[in-house]
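Trainee: I have a model open and want to go through how its pieces pack. Can we look at it together?
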Amino acid sequence: MRGSARMSADDVSRPGTAGAPAALRPCRVPPPGSGAARAAVLVLHGGTVDSKAPLRPWNVARARMQPFVRSVTRAVPDTSTFVGQVRYRYRGWNGTDADPVADVLRALDELTDLVGEVPVVLVGHSMGGRAALRAAASPRVRAVVALAPWCPDGEPVAHLRDKRVIVLHGDRDRVTDPAESFALVRRAAEAGSSASAVRVEGGDHAMLRRARTWHRATGATVAGLVDRIAEGLAPLPAERPGGEPGVI
């Protein structure tokens, strides 16, 4: 995937919500009487470079993230943590429109209406990884877990300062470039982010090869982040900040 948009999430105009479908699909909501939500995890699926075609319920990229929703929900057993998925209006990124980023920002607003102001961890795959990294400009987002993200050259990183960013990328990915992901991690670290990368040996873009490794690593990573931010603590710093990626 290739693209050239270089604006930050703050530059994206939020679409009006009148008559628009909800941008947030709750997967686990704290039960009534359990007290306020402590944190939230939002999962973002992939897409394509350019398409204004509406997203269909049977979209393959969306279905691909269902095992990750389940892995996160199992790994974060605390029911006071909200888990949801972001719904896109369109299949594509669409250049400077950056449509998925606008949808993430709408979902964050809807999340606030549902459970109040809580710290958020974004988990995104491919185009969803790029959207998560952009949307981390929101002060509500404390951390991003990007899976095989689309990270074209020149992607902004200044807004990731003081955010925790973890990138997992398979070394057999032929759709998005792991070298570009790892380069973004280095630039983010230089900009003040606690950023690190993990290379999934034998991992492909669809995350089907070594699927259990992808699922377990994502669940464990998110659980660790939620435990910290829900207690009002900063996420633990990267073990290999801005350096060579770890390997699993």
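Mentor: Start with α4: 9 of its 9 residues are buried, so this helix is largely enclosed by the rest of the structure. Keep in mind that this is a predicted model.

Trainee: Which residues of α4 are the buried ones?
Mentor: They are Met127, Gly128, Gly129, Arg130, Ala131, Ala132, Leu133, Arg134 and Ala135.

Trainee: And what covers the buried residues of α4?
Mentor: The cover includes the strands β2 (39–44), β4 (120–125), β5 (141–147) and β6 (164–170), along with the helices α3 and α5 (178–190).

Trainee: Take α3, then. At what angle do α3 and α4 pack?
Mentor: About 60°, with the axes 9 Å apart; α3 spans residues 99–115 and α4 spans residues 127–135. The two helices are therefore oblique to each other. Their crossing is right-handed.

Trainee: Which residues make that contact?
Mentor: From α3, Pro100, Val101 and Val104; from α4, Met127, Ala131, Arg134 and Ala135. By type, the residues of the α3 contact with α4 comprise 6 nonpolar, no polar and 1 charged.

Trainee: Is the crossing of α2 and α6 left-handed or right-handed?
Mentor: Right-handed.

Trainee: Which residues meet there?
Mentor: On the α2 side, Pro67, Phe68, Ser71, Val72 and Ala75. On the α6 side, Trp214, His215, Thr218, Gly219, Ala220, Val222 and Ala223. The residues in this contact of α2 with α6 divide into 8 nonpolar, 4 polar and no charged.

Trainee: New topic: Ser194. Where is Ser194 found?
Mentor: In strand β7, which covers residues 194–200. The C-alpha atom of Ser194 is 6.6 Å from that of Asp162, although the two residues are 32 apart along the chain.

Trainee: What does Ser194 touch?
Mentor: Leaving out residues up to four places away in sequence, Ser194 touches Lys163, Arg164, Val165, Leu236, Pro237 and Ala238.

Trainee: Last one. What pLDDT does the protein average?
Mentor: The average is 89, and 90% of the residues score at least 70. Over residues 2–18 the pLDDT is below 50, and that stretch has 42 contacts in the model beyond near neighbours in sequence.

Trainee: How should I read coordinates where pLDDT is low?
Mentor: Where pLDDT is low, the predicted coordinates should not be read in detail.

Methods
Residues numbered from 1 in each chain as written. Predicted model: local features only at pLDDT ≥ 70, side-chain atom pairs only at ≥ 80, totals over all residues. Heavy atoms only, no water. Left-handed = near helix turned anticlockwise from the far one by under 90°. Helix = DSSP H or I, 4+ residues; strand = E, 2+ residues; numbered from the N terminus. Contact = heavy atoms within 4.5 Å. Nonpolar A, V, L, I, M, F, W, Y, C, P; charged D, E, K, R; others polar. Axes fitted to C-alpha atoms, helices over the stretch in contact; angles between N-to-C directions. Parallel < 35°, antiparallel > 145°, perpendicular 65-115°, else oblique. pLDDT = per-residue confidence, 0-100. Buried < 20%, exposed > 50% of the residue type's maximum accessible area, 1.4 Å probe, protein only.
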